[in-house]
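Here's a quick briefing on this protein, starting with one term and moving from the overall fold to its aromatic rings.

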Amino acid sequence: MAFPVVRNRRLRSSAGLRSLVRETRLDATDFIMPIFITEGEGVQEEISSMPGVYHWSLDTMERELAEIAEAGVQSVMVFGVPDHKDALGTSAYDDNGITQRAIRKMKALYPELVVIADNCLCQYTDHGHCGVVHTTECGAEIDNDESLELLARTAVSQARVGADIIAPSNMMDGFVWAIRNALDEAGYKNVPIMSYSVKYSSAYYGPFREAAHSAPQFGDRRTYQMDPANSREALREAQSDVDEGADFLMVKPALAYLDIIRMLRDRYALPIVAYNVSAEYSMVKAAALQGWIDEKAIVLETLTGMKRAGADLIITYHAKDAARWLREE
C-alpha cells in the first residue's frame, strides 16, 4: 500500500495526535544538574564562560539546591573546588574536604536528593592531571596503578559522608574494579558506580576547566582519555567497566557522540548516561544571548536527541531550565 492510501501526515495533524504518538519523552527526572562548590563564605560567582552557572560556597549553595528541587530535578553531581592542591590531590580523599562537606550538607538539607560524587583527582592536584604524575627519562607519565589507590580512597570517603552514587571520571585502566573493591571492603556494597566509561579527549571541555579549576599545567590527557576518532574502542572501554561492576555507563561528551550512545544502548542493558558538557551548553547560551536562536527550542530538541539516541539520563547544565520548560508545556 502506498500514497494516497498511506498518508504519514495524518498522525501529525494536531497537537493532540502528535503527543499521542510521540516516541521519545523528556522528564525532569531524566536530568542530573552539576553543581560547583568552593571554599569561602557568601560566594555566588558566575562562571564567565558558562552564563547562568555559578561557584557556590557551603553557606550559599542552599539557594541553588532549592531551585533545583523546585524545578523537579531529583539528582545533582557534585564538583568540589578546593583551596589546597598538591601533587597527590590529598583534598580529594579528605573526609573534611570541600566535596565531603558539601555532600554532608546536601543530604542533611535534602535527604531524598540523589547526590552523585564526581571521582577524579584533576581539580585537587597542582598539576591538573587525573592521576599521580612521575617524571621519567621520557618525560612526565601518569602512574595508572598508583592513581587507582587514591581514587579508591576518594570513593570510600565520598560514600562515608553520604554520596548516593560514585561517578569516577578519571579513565585509568581498572578504575571501576579498584573502586568497587574498595567500596565493598569498606561496607558500601550498595553504593552504585556511575562510570565515565567512554570519555573522549575533547575540545568540548574548555569551559568546565575554568569552572573546576582543573586545566592540566603541562601536556594533555590524550594518554588516558579516548581519541575522538575511535568508536570500536568505546565498546572495549564499556565492556571493561561492565566486567568490573559498573552500574551505569556514561558517554562524554554527548552531542558529537550520539552514535556512541546508540552503540552502547544497543549492546548493554545497564542505564546509559549522556553528559551534555560545558561547551555544548556555552555555545547555546552564547548564541541565545545574541538573539540568534530560540534557546528553549534548541535545548529541548538537543536533549530529546540525546535521549532518542539511547540515553536514559542526561547530565546537563540546562537541567533547571529544561525542567521548568517541560512543566510549562
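Predicted model: local features only at pLDDT ≥ 70, side-chain atom pairs only at ≥ 80, totals over all residues.

"Buried" here means under 20% relative accessible area, with exposed being over 50% and partly exposed in between (1.4 Å probe, protein chains only). Residues are numbered from 1 along each chain as its sequence is written, and side-chain values use heavy atoms, with hydrogens and water left out.

**Overall build**
- The protein has eleven helices and twelve strands, which are DSSP runs numbered from the N terminus (helices: H or I, at least four residues; strands: E, at least two).
- Buried residues account for 52% of the 329 residues.
- Of the contacts (heavy atoms within 4.5 Å) between residues at least 6 apart in sequence, 74% join residues at least 24 apart.

**Aromatic rings**
- Rings of Phe, Tyr and Trp (its six-membered ring) pair if their centres lie within 6.5 Å; planes under 30 degrees apart are stacked, over 60 edge-to-face, and the rest tilted.
- The whole structure holds seven aromatic pairs.
- Y200 and Y257 are stacked, because their ring centres are 4.2 Å apart and their planes sit at 20°.
- Y200 is in the loop between β9 (194–199) and α6 (206–212) and Y257 in the loop between β10 (248–252) and α8 (258–267), so this pair ties together parts 57 residues apart in sequence.
- Y200 is buried too, with a relative accessible area of 0%.
- Ring pairs also link F36, F79, Y196, Y275, Y281 and Y317 into a cluster.
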